[in-house]
Amino acid sequence: MTRDKSLRRKCLCIGTGGTIASEVTRGGLAPTRTDLFFRRIRQHPSLTSPSEFTDSSVSFDSPVHTTLVGRNTLFPALITPDLDDEGRSVEYEILDLDRHMDSSEMTPSEWNTIASLVYENWDAYDGFVILSGTDTLAYTAAILSFLFHSAGKPIVVTGAQIPLSRPRSDGWTNLLDSLFVAGVLPYAGVGIVFNHQVLHGSRATKTSPNLFAAFTSPCVPALINLNVKITLDTALPLRSTTPPPPLIHLHSDPTVVAVHIYPGMTGSLLEAQVDAVPTCRAIILSAYGSGNLPLDEKNGMLVSLKRLVEREVLVVVISQCAIPNVYPLYAQGRTLLSIGVLPGYDLTHEAAFAKLIWLVSQPKLTFKEKQELFETPVVGEMSVDSGV
Ligand code: ASP
């Protein structure tokens, strides 16, 4: 029986490494860059249509004919079995970055590479899946949310807690769900697909290296729950022909310095950290509770912060709390606002970091415009709340 191709969407999966693509090596699990990952996927009946599989008599050991695209490797297209009762399926290609990495090695340069690949291939695919390690997956999702804000196709970031090469891997489900979201569902935007949920791309954080539910979005519910029934946020944007905004090239020098406030923190400790990074253009202060930090005269913090804002460094306060929410409730918070320090409301660290890199990488914006844009939600990354 021939399958209705009009019900088939095309997705591009960009492989970056991480646990999902890891193999057992003598030195422990490592995201080795071989075709084993593709061979495993090609064999899986939920990820490869049985008809396509038997028709071409492909086995695990069959040769894989790859194409070099620049320095990256493109694997042959695979087609899923039907993913819904209407017979929708997904044709997908895996484009492996020339360097597979543990996601703790990710930098803004890798984000530039991933973003350029999505951007260059925008017209050729209906959706995109980024396969990543989980450690910095939430940062990658957050930066893609800003770079592709308002664009009319889905970009999904996923990974696994157990490699596809190991028993009980959660990667199979995460990959299948990702293809379903990127290729079948009618929604657009950046999301993290993990453990049968789609979380808002700029709202999530990794909360467990052990649980299959590795990510949570502490301040907003999941966008989509992929249970027996699919339940979702009805305000989700639909796919559209809206192209991505012009691609912003992120600075690859360190531009954002993250400072954790702790008992005994002083202005000179803060300045020592910032002075060590001559290219610093923004600071994230992870403060206590609703945005408090020591500000009495003798610890010098206020003077240091004033000096930094005068040097046109964006200074942002977020909360160390697991469920963050910064608002100028206490006198300290109001003092900070009065010197030009910006409240991060309920931003996660990942989203604050991504938003700041995105802002400081836009040379046409003045300092004032960057400050204003920081306080304006761009992709639903925060709820602006006066708290009073
Ligand atoms: N260290 C791994 C990584 O982030 C962890 C994982 O993928 O789960 O690449």
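## Domain arrangement

In this predicted model, the C-alpha centres of domain 1 and domain 2 lie 34 Å apart. Domain 1 spans 5–232 and domain 2 spans 256–374; the bounds come from an automatic or database domain assignment. Residues are numbered from 1 along each chain as its sequence is written. Local features need pLDDT of at least 70, side-chain atom pairs count only at pLDDT 80 or more, and totals for chains, interfaces and linings use all residues, while side-chain values use heavy atoms, without hydrogens and water.

## Domain interface

On the domain 1 side, 16 residues are in contact with 13 residues of domain 2 (heavy atoms within 4.5 Å). The two domains bury about 1,200 Å² between them, with 73% of it on carbon and sulfur atoms. Buried area here is the accessible area (1.4 Å probe) lost on putting two parts together, summed over both.

There is 1 salt bridge between the domains (a side-chain nitrogen of Lys or Arg within 4 Å of a carboxyl oxygen of Asp or Glu). Arg 203 and Asp 346 form a side-chain salt bridge at 3.0 Å, N to O.

## Ligand site

The residues around the ligand include Gly 18, Gly 133, Ala 160 and Gln 161 (a heavy atom within 4 Å). By class, the shell has 1 nonpolar, 6 polar and 2 charged residues; Gly counts as polar.

Ser 103 lies 2.6 Å from a ligand oxygen. Thr 19 is 2.9 Å from a ligand oxygen. Asp 102 is 2.9 Å from a ligand nitrogen. Taken alone, the ligand exposes 270 Å², and the protein buries 88% of that (Shrake-Rupley method, 1.4 Å probe).

Conventions:
A polar contact is a pair of N or O atoms within 3.5 Å; within protein, one must be able to donate a hydrogen and the other to accept it, and residues adjacent in sequence count only if both atoms are side-chain atoms.
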